[in-house]
Amino acid sequence: MIKRKAVVNLQECVACGCCIKVCPRNAISIPNGVNALINRDLCVGCGKCVKECPASIIKLEVTE
């Protein structure tokens, strides 16, 4: 089974918070007020944040 985790492009994230609102596992936070960070232990790779991001800077990547 292929596992995926969300990854944020930190250079392009503007910390709008749209991804936080849709994450069912509360795996996303903006602790520094500059960009979103994803807790990879909590992320289940559902892709909701990817679809919600208005700048399309969150991607799902395959993990081991």
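A disulfide is a pair of cysteine sulfur atoms within 2.5 Å. Keep that cut-off in mind for the first view of this predicted model.

**View 1**
With a relative accessible area of 45%, C16 is partly exposed. C19 is in no disulfide either, as its nearest cysteine sulfur, that of C16, lies 6.2 Å away. Is C19 buried or exposed? Its relative accessible area is 7%, so C19 is buried.

How many salt bridges does a search of the whole structure find? The search finds 1, and the partners are E61 and R40, whose closest N and O atoms are 3.4 Å apart. E61 sits in strand β4, while R40 belongs to the loop between β3 (37–38) and α2 (48–52), so the pair ties together parts that are 21 residues apart in sequence. Both partners can be looked up by accessibility too: E61 is partly exposed at 37%, and R40 is partly exposed at 35%.

**View 1. T63 in strand β4.**
Strand β4 covers residues 58–63, and T63 is part of it. T63 has a relative accessible area of 19%, so it counts as buried. Which residues does T63 touch, not counting residues up to four places away in sequence? They are K3, R4, K5 and R40.

**View 2. I38 and its surroundings.**
I38 has its place in strand β3 and is buried, with a relative accessible area of 18%. Leaving aside neighbours within four places in sequence, I38 is in contact with A6, V7 and V8, with A27 and I28, and with C43 and I58.

The structure holds 1 cavity of 30 Å³ or more. The volume of the largest cavity is about 90 Å³. How many residues line the largest cavity? There are 15, and those nearest its centre are C23, C43, G45, C46 and C49. Sorted by class, the lining has 11 nonpolar, 2 polar and 2 charged residues.

Phi of A15 is near 55°, a positive value in a residue other than glycine. A15 is located in the loop between β1 (3–8) and α1 (18–22), and at 19% relative accessibility A15 counts as buried. N26 also has a positive phi, of about 55°, although it is not a glycine. Where is N26 found? It is in the loop between α1 and β2 (28–29). N26 is exposed, with a relative accessible area of 62%.

Note on methods
Residues numbered from 1 in each chain as written. Predicted model: local features only at pLDDT ≥ 70, side-chain atom pairs only at ≥ 80, totals over all residues. Heavy atoms only, no water. Helix = DSSP H or I, 4+ residues; strand = E, 2+ residues; numbered from the N terminus. Buried < 20%, exposed > 50% of the residue type's maximum accessible area, 1.4 Å probe, protein only. Contact = heavy atoms within 4.5 Å. 1 Å grid on protein atoms, 1.4 Å probe; cavity = no way out; pocket = protein on both sides within 12 Å on 5 of 7 lines; lining within 4 Å. Points joined across faces, edges and corners; volume = space filled by probe spheres on them. Nonpolar A, V, L, I, M, F, W, Y, C, P; charged D, E, K, R; others polar. Salt bridge = Lys/Arg side-chain N within 4 Å of Asp/Glu carboxyl O.
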